[in-house]
Amino acid sequence: MLCSPAAVECPKTLAEALQLRAAKPQACLMAGGTDVMVLIERDVIKPTEVINLLSIEDRGVRAIECNENELCIGALATHSQIWHNAQVVKNAGILAEACASIGARQIQNRGTIGGNIANASPAGDSLPVLLALDAEIELQSVRGARRVPMSALYTGYRRMCTEPDELITRIFIPIKKDENVNEFSWFRKIGPRRALAISKVMIAARLQVENGIVKDARIALGSVAATPVRAPKTEAALIGHAIDPSAALKLSEDIHPIDDLRSTADYRMTVATKTLSTWLSSLCG
Ligand SMILES: Cc1cc2nc3c(=O)[nH]c(=O)nc-3n(C[C@H](O)[C@H](O)[C@H](O)COP(=O)(O)OP(=O)(O)OC[C@H]3O[C@@H](n4cnc5c(N)ncnc54)[C@H](O)[C@@H]3O)c2cc1C
């Protein structure tokens, strides 16, 4: 059994949690605990104080809601809630796919999207998808709320642009679609096996195509750099033309993966290029 002498605060409201966060910025935040508990068990962290976010009852940080412009996901929504939600499946299908690929059912039932984002692992499965979907992350403190685009959230390896008194509270995903535009999206996680494996490479992509021409493109990757990254040269090679699978070759100018315990740079580059090219080819048929 895992024991810790840490004092645990259980705020019932978001306002209470923000007050606690401001008063105790050094306290360990815990949502589902699927990352935090592993770190405690391995003695990587030894918190003396824990703020248990899952005790917050406010609907705003738990619910998944949708209006005509955006999908709003509370940071405490679990991966299971997300991939079972009809609005997510309809409007952000690749996020549902990513959440359904995280760990096994126990982890999906407990782990939250806010925890996945804040854990800031380059191998976090929801991260490249949120990048490809142009998500914005809402941060709140006792000083107020602000939205940060996913593309500006990470400042380095496991570092975010958050202030010490801020919590991640909601995730916003734009969903307004132009009726003349066809949208295609895709998520691929490559790992040694389907479940319970850290990814070697992840790719999320979203194309908007009007009259056969790519109007806009988002290609985002995980596990190939210190943070999740966009592939701007590949995106530029796609935009303004009919879908061209050879644009995937531009990934070699966008990403510079490394060799590590999980994979080699060569494998990551090859598999990223081939899978993207295969997906693009499937759209041409
Ligand atoms: C067996 C196993 C398999 C796993 N498989 C995968 C996988 O396939 N893919 C994957 O991406 N991850 C995987 N994970 C990692 C983990 O489950 C996810 O990252 C999960 O989403 C973390 O959410 P949580 O709520 O449990 O976070 P916690 O462990 O509670 O917190 C994680 C970090 O986020 C911070 N935090 C949490 N919520 C907030 C908030 N609202 N605001 C600010 N900071 C916050 C915490 O302080 C901590 O630093 C796995 C973990 C385990 C143990």
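1. Ser 263 sits in the loop between helix H11 (251-254) and helix H12 (265-284). Helices here are DSSP runs of H or I with at least four residues, strands are runs of E with at least two, and both are numbered from the N terminus. Ser 263 counts as buried because its relative accessibility is 8%, where buried means under 20% relative accessible area, exposed over 50% and partly exposed in between (1.4 Å probe, protein chains only). Not counting residues up to four places away in sequence, Ser 263 touches Lys 200, Ile 258 and Arg 268; contact means heavy atoms within 4.5 Å.

2. The model is predicted: local features need pLDDT of at least 70, side-chain atom pairs count only at pLDDT 80 or more, and totals for chains, interfaces and linings use all residues. Residues are numbered from 1 along each chain as its sequence is written, and side-chain values use heavy atoms, with hydrogens and water left out.

3. The largest nonpolar core has 37 residues, of which Ile 73, Leu 95, Ile 117 and Ile 173 touch the most other members. Such a core is a set of buried Ala, Val, Leu, Ile, Met, Phe, Trp, Tyr and Cys residues joined through side-chain atoms within 4.5 Å. Elements giving two or more residues to this core include strand E5 (70-74), helix H5 (93-100) and strand E12 (201-210). The core lies between domain 2 (59-174) and domain 3 (182-284), because both give residues to it; the domain bounds come from an automatic or database domain assignment.

4. Four strands form an open antiparallel sheet in the order E11-E12-E13-E14, two strands being paired if DSSP finds at least two bridges between them. In E14, Val 229 is the bridge partner of Leu 221.
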